[in-house]
Amino acid sequence: MTDKTGENTPHPSPRASGPLPAGRVRLQKIIAGTGLASRRKAEVLIASGRVTVNGKVVTELGTKVDPDRVHIKVDGKHLSSTQPYVYLLLNKPKNVMSTLNDPGGRPTVKDFLRGISVRVFPVGRLDFDSEGLMLLTNHGNLAQTLLHPRYHVPKTYLIKVKQVVTDEHIRQLEQGVLLEDGMTSPAIVKKVKKARQNSWLEITIREGRQHQVKRMLEAVGHPVLKLTRIKMGPLSLGDLESGEFRYLTDREANALRDLAEQKLASAEDIEQPAPRPKKRVSRAGWARSKKAKVV
Ligand code: URA
């Protein structure tokens, strides 16, 4: 028996970020899952008659098919011949290289990707002694867009620094500080917690210069003692254990693809300085309690 899409032919399913749900799935979700386009763009492809299922053009957006049982083509090209994309989020531990190889024989992020046979590449770097969120993917174009300095993808770091950071120093970080390679763009700085000898801040920057956060804090006299990346664009580290990785959810992978598409589409707009935080954290707002939530 075949239905209106002639659904009866077994076919390997495209894999996105982990296995696709079994059974019938919306066409736009299947297309987006291969990384060919965001969900929205996939809908445009469908509506404009560029998608066929078992040879028939399908323009109805709600159409559901079983990806294991149909042949889907976009612009005449088989969906399964499009490379399936894999997106992983790793919590890089301290004292691990953020590269795939280290000539010096130190541990690398590759050592933590047990069971992953696809060649994925780190999107950006973290210092050897930094930890936290690392995205790894085989989706080269997306990685390039996210990494391009022009596109300013925000990255948030939780840092522990020496001494209690003064409001004046926070203001300097927010306005931009002079480093040897020029002024930094404005950062968003949030006080998290302070102790007698140290303080914890969350700092969001949109540039990706080498050791940038450490150099910024050094410039205002507060060397960084610990640095954890907790956010990158739409991704959050959450409670992923150090050394563990997970696949991005469909929602996260779509959000990343949407972000990359937006960045490409509005390149001129995003040349403007980064927006200032809407709501300012009170200067007197240090959390004093030992129970202050750090992440
Ligand atoms: N900034 C730094 O100084 N180090 C990192 O690892 C990331 C951002």
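## Terms and model

Two strands pair if DSSP finds at least two bridges between them. Helices (H or I, at least four residues) and strands (E, at least two) are DSSP runs, numbered from the N terminus.

This is a predicted model, in which local features need pLDDT of at least 70, side-chain atom pairs count only at pLDDT 80 or more, and totals for chains, interfaces and linings use all residues. Residue numbers start from 1 along each chain, as its sequence is written.

## The chain as a whole

The chain has 6 helices and 17 strands. Of its 295 residues, 34% are buried. A residue is buried if 20 or more other C-beta atoms lie within 10 Å of its own, exposed if 12 or fewer, and partly exposed in between, with C-beta atoms placed from the backbone.

Two residues are in contact if their C-beta atoms, placed from the backbone, lie within 7 Å. Among the contacts in the chain with a separation of 6 or more, 68% are between residues 24 or more positions apart.

## Confidence

The predictor's confidence in each residue is given as pLDDT, from 0 to 100. The chain has a mean pLDDT of 84, and 80% of its residues reach 70 or more.

## An open sheet of four strands

An open sheet is formed by 4 strands in the order S3-S2-S5-S6, with antiparallel pairing. Its edge strands are S3 (56-57) and S6 (77-78), each of which pairs on one side only.

Strand S5 (residues 72-74) is joined to S6 by 2 bridges, and the two run antiparallel. Here Lys 73 stands opposite His 78 in S6.

In a regular strand the side chains alternate between the two faces of the sheet.

## Strand S15 and its partners

Strand S15 (residues 224-232) pairs with strand S9 (residues 131-137) through 2 bridges, and these two run parallel. Glu 131 has Thr 228 in S15 as its bridge partner. S15 is also joined to strand S10 (residues 155-162), by 7 bridges and in the antiparallel sense. In that pair, Lys 155 stands opposite Met 232 in S15.

A further partner of S15 is strand S16 (residues 235-236), with 2 bridges in the antiparallel sense. Met 232 stands opposite Leu 235 in S16. S15 and S16 form a hairpin with 2 residues between them, and Gly 233 in the turn has a positive phi of about 55°.

The bridge partner of Thr 156 is Thr 204 in S14.

S14 in turn pairs with strand S13 (residues 188-194), antiparallel and over 6 bridges. Lys 191 stands opposite Leu 201 in S14. S13 and S14 form a hairpin with 3 residues between them.

## Two loop residues with positive phi

Gln 163 is in the loop between S10 and helix H4 (167-175). Its phi is near 70°, a positive value in a residue other than glycine. Gln 163 counts as partly exposed because it has 15 C-beta neighbours inside 10 Å.

His 211 is in the loop between S14 and H5. The phi of His 211 is near 50°, again positive in a residue other than glycine. His 211 has 14 C-beta neighbours inside 10 Å, so it counts as partly exposed.

## Around the ligand

A residue is near a molecule or strand if its C-beta atom, placed from the backbone, lies within 6 Å of it. The residues around the ligand are Leu 126, Asp 127, Ser 130, His 211, Gln 212, Val 213, Lys 214 and Leu 227. Helix H5 (residues 212-219) gives the largest share of this shell, 3 residues.

By type, the shell has 3 nonpolar, 3 polar and 2 charged residues. Ala, Val, Leu, Ile, Met, Phe, Trp, Tyr, Cys and Pro count as nonpolar, Asp, Glu, Lys and Arg as charged, and the others, Gly among them, as polar. The ligand lies between domain 2 (85-151 + 238-272) and domain 3 (154-232), because both give residues to the shell around it. The domain bounds come from an automatic or database domain assignment.
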